[in-house]
Amino acid sequence: MRKETDSLGEVDVPADKLWGAQTQRSLHHFSIGRDLIPREMITAYAVLKKAAANANHTGGRLDPQVHRLIVQACDEILAGQHQDMFPLHVWMTGSGTQFNMNVNEVISNRCCQLAGTVLGSKTPVHPNDHVNMAQSSNDSFPSAMNIATSTNAKRRLIPAVKQLAEAIRSKSEKWKDIVKIGRTHMQDATPLTLGQEWSGYAEMLTDNLDRLESSLGGIYRLALGGTAVGTGINSAPGFAEAAASEIARQTQLPFVTAPNKFAVQGAHDALVQFSGTMRTLATSLYKIGNDIRLMSCGPRTGFAELVIPQNEPGSSIMPGKVNPTQAEALTMAAVQVMANDVAVGFGGAGGYLEMNVYKPLIIHNITHSITIVTDSCTNFRRFLVEGTQPNRKKIAQDVRDSLMLVTALSPVVGYDKASKIAHYAMDNDLTLRAAALKLGLVSEAVFDRVVEPEMMVRPYVATSA
């Protein structure tokens, strides 16, 4: 162990760790559960601390050696080093202060190592005076939240959703001429093509991509520079703009300083909106997963319209059984995202006066949602969508047997007579054609010309002539 100090006195810290007194206090007082501060926040904070150091150095407020050491330590963190030096739990102070100090202490102590000074000496780089210069946890933590959310949305989530949409759209193009029976209320309806059905799924995801991109607009506005309550005390004029510009340069994303720091420190509405947008995406994925699960149910006694990949045995007792496990995983992840959004909503409402005090909760749930949606979309695409094939024989049989093809006859014989044909066919176990002819409500020639499934998948009104 070694002795480290903070404003409350001395604390024993493990000798081989880069964190300091405040991190150690947090480990002692907030050992709640197993949820650690999202790893995405480590990277986001390294980006932020490097940007702040660059802005302060350019402004002549940070010594060149101190600046160089801070940047080197941040670059190491960005390269994936020192990950085990960030052990703090989500369930801590609502401002995230201890995690901000965890980052400050690790960078300071790594700078000590690089400079050849004693760990904990805070020389030549002090965690508060240098690493945290012109910052407060109250503006840096929400800024890191925004950086973590937007970078992972742009680099992971959006590409994964886009690839899934493209894979589904590719199937819809291949299947554009496969006529099948539509279903409403889980009952037979008029025909459509399998391609049309799947084109709806692709478009749902495309719409969600537009919503995600739009919701990032508010997240690009950073609180950094507002310091404690939004006034910017202890940050030099121009620091907020310079730091935001540095963050934009590092991430290649359009970050700017928020025009009103009081709005983005007292509340995190942009993150709440993004979480709600993720919930909308989750509802789309839930519907898509469940639809495909229904269409593939069987293989002999269900809809059985789709043949899905056989990835793993489905039962420990029933030999040969295969289950739609990718659909199950996707829909479970979607449900979790919906639950996460509830927590984010309550957390977003927890902005008391000049600061929201549910920051760790909000970012924990948002990063969790991004991760599980990204991974489940990728797996659903790779292990289900790309290998799924239509069961053409079963689809064609269902089209032949459907009574709802009678809908095309309504403009010719009227709704009441068409309904009579359908009920007669059902009650007497007849085909639609046989029922129509037996009732004498339409001729063979008219029936064969009008009741043509391929004509019914687009705007079409039959005539008696």
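Visitor: In which loop does Gln252 lie?

Guide: In this predicted model, Gln252 lies in the loop between helix 8 (239–251) and strand 6 (256–257).

Visitor: Why is Gln252 called exposed?

Guide: The relative accessible area of Gln252 is 65%. Exposed means over 50%, so Gln252 is exposed.

Visitor: What is stated about phi of Gln252?

Guide: Phi of Gln252 is near 60°, a positive value in a residue other than glycine. His82 also has a positive phi, near 65°, and is likewise a residue other than glycine. His82 is found in the loop between helix 3 (64–78) and helix 4.

Visitor: Is His82 buried or exposed, and why?

Guide: His82 has 18% relative accessibility. Buried means under 20%, and therefore His82 counts as buried.

Visitor: Why does Asn138 count as buried?

Guide: Asn138, which belongs to helix 6 (residues 137–174), has 15% relative accessibility. Because the limit for buried is under 20%, Asn138 counts as buried.

Visitor: What lies 2.9 Å from a polar atom of the side chain of Asn138?

Guide: That atom is the backbone oxygen of Ala228. Residues touched by Asn138, not counting those up to four places away in sequence, include Ser95, Thr227, Gln265, Met355 and Lys359.

Visitor: What makes Thr23 buried?

Guide: Thr23, in helix 1 (residues 21–29), has a relative accessible area of 0%. Buried requires a value under 20%, so Thr23 is buried.

Visitor: Which residues is Thr23 in contact with, leaving aside its neighbours within four places in sequence?

Guide: Thr23 is in contact with Pro87, Leu88, Met101, Asn102 and Glu105. Leu88 is 65 residues from Thr23 along the chain, and their C-alpha atoms are separated by 7.3 Å.

Visitor: How many aromatic pairs are there?

Guide: The count comes to seven aromatic pairs. One of them is formed by Phe99 and Phe141, with 6.5 Å centre to centre and 85° between the planes.

Visitor: Why is the pair of Phe99 and Phe141 called edge-to-face?

Guide: The planes of Phe99 and Phe141 stand at 85°. Planes over 60 degrees apart count as edge-to-face, so the pair of Phe99 and Phe141 is edge-to-face.

Visitor: Why does this pair tie together parts that are 42 residues apart in sequence?

Guide: Phe99 lies in helix 4 (residues 97–115) and Phe141 in helix 6, so their pairing links those parts across 42 residues of sequence. Both Phe99 and Phe141 are buried, and together with Tyr45 and Phe86 they form one aromatic cluster.

Visitor: What sits over the ring of Phe303?

Guide: The charged end of Arg183 sits over the ring of Phe303, 4.1 Å from its centre.

Visitor: Which cis peptide bonds can you point out?

Guide: Pro124 lies in the loop between helix 4 and helix 5 (127–131). Another cis peptide bond joins Gly298 and Pro299, where omega is also about 10°. Pro299 is found in the loop between helix 10 (269–295) and strand 7 (306–307).

Visitor: How many cavities of 30 Å³ or more are there?

Guide: There is one cavity of 30 Å³ or more. The largest cavity has a volume of about 40 Å³, and its lining residues include Ile308, Pro309, Asn311, Glu312, Phe383 and Leu384.

Key
Residues numbered from 1 in each chain as written. Predicted model: local features only at pLDDT ≥ 70, side-chain atom pairs only at ≥ 80, totals over all residues. Heavy atoms only, no water. Helix = DSSP H or I, 4+ residues; strand = E, 2+ residues; numbered from the N terminus. Buried < 20%, exposed > 50% of the residue type's maximum accessible area, 1.4 Å probe, protein only. Polar contact = N/O pair within 3.5 Å; in protein donor to acceptor, adjacent residues only side chain to side chain. Contact = heavy atoms within 4.5 Å. Phe/Tyr/Trp six-rings, centres within 6.5 Å; stacked < 30°, edge-to-face > 60°. Lys NZ or Arg CZ within 6 Å of the ring centre and 35° of its normal. 1 Å grid on protein atoms, 1.4 Å probe; cavity = no way out; pocket = protein on both sides within 12 Å on 5 of 7 lines; lining within 4 Å. Points joined across faces, edges and corners; volume = space filled by probe spheres on them.
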